[in-house]
Amino acid sequence: AVQHAYGWVPPQAMLEIAALLKLAPAQVIDTTSFYEEYWLKPKGKHVVAVCRSIACEVCGHESITQAIKNKLGIDVGETTPDGLFTLIELECLGSCDTAPVALLDETLHERLTPQGVLQAIDDLRSGKAAAHH
């Protein structure tokens, strides 16, 4: 609920969650730091998540990630200084037959090329509805 409301789980919220649930703060911190689904720092307005499963690896996910890193000037796990984009990699997005894939916000982009993902990022930046690239 905290992450849904704020987009991440701030340290103060972890202390309050621990008190509410009568847990040690370390238990809450252990849980939030273990699972990839929890954000421990603010994320960008748009999250770009590149799949790095074996199928996406074989189909060139590294070129997709590198194109994004070059365009945004950030590394995996970082957010652009303007707060617009956060780049992450995930283990599997469940679309191995259309690899390589990436999730841009809530939209799955299949059979990606570096050019296609850069166009999708430009579409997000300009506010256009994201088309599959």
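Visitor: At what angle do helix 5 and helix 6 pack?
Guide: The model is predicted, so local features need pLDDT of at least 70 and side-chain atom pairs count only at pLDDT 80 or more, while totals for chains, interfaces and linings use all residues. Residues are numbered from 1 along each chain as its sequence is written, and side-chain values use heavy atoms, with hydrogens and water left out. Helices (H or I, at least four residues) and strands (E, at least two) are DSSP runs, numbered from the N terminus; axes are lines fitted to C-alpha atoms, for helices over the stretch in contact, and angles run from 0 to 180 degrees between N-to-C directions. With their axes 9 Å apart, helix 5 and helix 6 pack at an angle of about 40°.

Visitor: Is helix 5 oblique to helix 6, or roughly parallel?
Guide: The angle between helix 5 and helix 6 is about 40°. Angles under 35 degrees count as roughly parallel, over 145 as roughly antiparallel, 65 to 115 as roughly perpendicular and the rest as oblique. The angle therefore makes the relation of helix 5 to helix 6 oblique.

Visitor: How far apart are the axes of helix 2 and helix 3?
Guide: Two packed helices are described by the angle between their axes and the distance between the axes. For helix 2 (residues 11–21) and helix 3, the angle is about 120° and the axis distance is 8 Å. That makes helix 2 oblique to helix 3, and the distance asked for is 8 Å.

Visitor: Is the crossing of helix 2 and helix 3 left-handed or right-handed?
Guide: A crossing is left-handed if the near helix is turned anticlockwise from the far one by less than a right angle, and right-handed if clockwise. Helix 5 passes helix 6 in a right-handed crossing. For helix 2 passing helix 3, the crossing is right-handed.

Visitor: Which residue forms a salt bridge with Arg52?
Guide: Side chains of opposite charge can pair when their charged atoms come close. A salt bridge is a side-chain nitrogen of Lys or Arg within 4 Å of a carboxyl oxygen of Asp or Glu, and a search of the whole structure finds 5 of them. In one of these, with the closest N and O atoms 2.6 Å apart, Arg52 is paired with Glu91. Arg52 is in the loop between strand 1 (46–51) and helix 4 (54–58), and 39 residues away, in the loop between strand 2 (85–90) and strand 3 (102–104), is Glu91.

Visitor: Is Glu91 buried, partly exposed or exposed?
Guide: Buried means under 20% relative accessible area, exposed over 50%, partly exposed in between (1.4 Å probe, protein chains only). Arg52 has 29% and counts as partly exposed. Glu91 has 44%, so Glu91 is partly exposed.

Visitor: Which helix holds Lys71, the partner of Asp122?
Guide: The salt bridge between Asp122 and Lys71 has an N to O distance of 2.9 Å. The two are 51 residues apart, with Asp122 in helix 6 (residues 114–126). Asp122 is partly exposed at 30%, and Lys71 is partly exposed at 34%. The element that holds Lys71 is helix 5 (residues 61–72).

Visitor: How many residues apart in sequence are Arg125 and Asp82?
Guide: The side chains of Arg125 and Asp82 meet in a salt bridge, N to O 3.9 Å. Arg125 lies in helix 6 and Asp82 in the loop between helix 5 and strand 2, so the pair ties together parts whose separation is 43 residues.

Visitor: Which peptide bond is cis?
Guide: Most residues other than glycine have a negative phi, and most peptide bonds are trans. Pro100 is found in the loop between strand 2 and strand 3. With omega near -5°, the cis bond runs from Ala99 to Pro100.

Visitor: What is the phi of Arg111?
Guide: Asp105, in the loop between strand 3 and strand 4 (107–109), has a positive phi near 55°. Arg111 lies in the loop between strand 4 and helix 6 and is exposed, with 55% relative accessible area. Arg111 is not a glycine, yet its phi is positive, about 50°.
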